[in-house]
Amino acid sequence: MSGYAVAHLDEIGEITDGREPSRPVRAHFGITSFGVNAWTAKHAGDRIINDHDESVEGGGQEELYLVHTGRARFELDGDRVDAPAGSLVFVERGVKRTAFAEEPGTTLIALGGTPGEVYEPSGYEFWAPVAPLYQAGEYAEAAAKGREVLVAHPEFPVLVYNVACCESLAGQTAEALEHLRLAIERSERIRQFAVGDSDLDPLRDDPAFKELVG
């Protein structure tokens with residue numbers, strides 16, 4: 001084992017959850033201490049970064065974006081920020097963010113982590129193929145495909161939690177409670193996710209849910 005690895009961005013295949021395709025840099029290298037991904041826009045005007053806010057309540061991440069090539073336009077809490085190649089854009093938690101390409105081939109690299117917490121990989125890259133089923137409201141199908149993903153990647157508590165959410169929405173109460181229990185056992189922060197997640201509303205009156213979440 002050499003202790004290092006080298007890859008060109010183009011060697012890392014794109015994945016998508018139905019939104020903007022990304023390159024799972026963290027997963028490619030097996031990085032476990034911080035999150036890092038890359039996005040490339042094919043055309044000027046394409047959205048590169050999904051619109052999101054990394055909420056503080058949800059344990060969201062601080063994020064640092066590097067404009068690797070091209071030119072990007074960030075929208076940060078309504079402010080527009082021009083970012084040519086070489087720009088570094090740091091965004092705190094709670095700030096609503098998105099970015100668009102101003103030139104074809106614009107590539108962004110993003111690094112993230114939650115202040116005061118050890119980084120915990122979510123396994124997002126393995127969940128991405130399941131996400132379109134969830135977004136389409138096909139919860140039973142998403143739950144079934146999610147359980148297949150867990151067979152190969154049981155080490156990610158967030159993946160287990162996502163399956164529990166799909167099972168909850170599909171009316172699969174027993175399965176949802178069991179996966180929620182496993183997710184909380186593996187990561188205490190999952191309990192915080194569950195407190196206000198509407199996906200779990202079908203479970204809230206169940207005594208087992210109240211015991212798990214409080």
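Trainee: Which residue joins its side chain to that of Glu167 in a polar contact?
Mentor: This is a predicted model, where local features need pLDDT of at least 70, side-chain atom pairs count only at pLDDT 80 or more, and totals for chains, interfaces and linings use all residues. Residues are numbered from 1 along each chain as its sequence is written, and side-chain values use heavy atoms, with hydrogens and water left out. A polar contact is a pair of N or O atoms within 3.5 Å; within protein, one must be able to donate a hydrogen and the other to accept it, and residues adjacent in sequence count only if both atoms are side-chain atoms. At 2.7 Å, the partner of Glu167 is Arg147.

Trainee: Is Glu167 buried or exposed?
Mentor: Buried means under 20% relative accessible area, exposed over 50%, partly exposed in between (1.4 Å probe, protein chains only). The relative accessible area of Glu167 is 0%, so Glu167 is buried.

Trainee: In strand 7, what is the bridge partner of Arg47?
Mentor: Strands here are DSSP runs (E, at least two residues), and helices are runs of H or I, at least four, numbered from the N terminus. Strand 2 (residues 47-52) runs antiparallel to strand 7, joined by three bridges. The partner of Arg47 is Phe100.

Methods:
Pairing = 2+ DSSP bridges.
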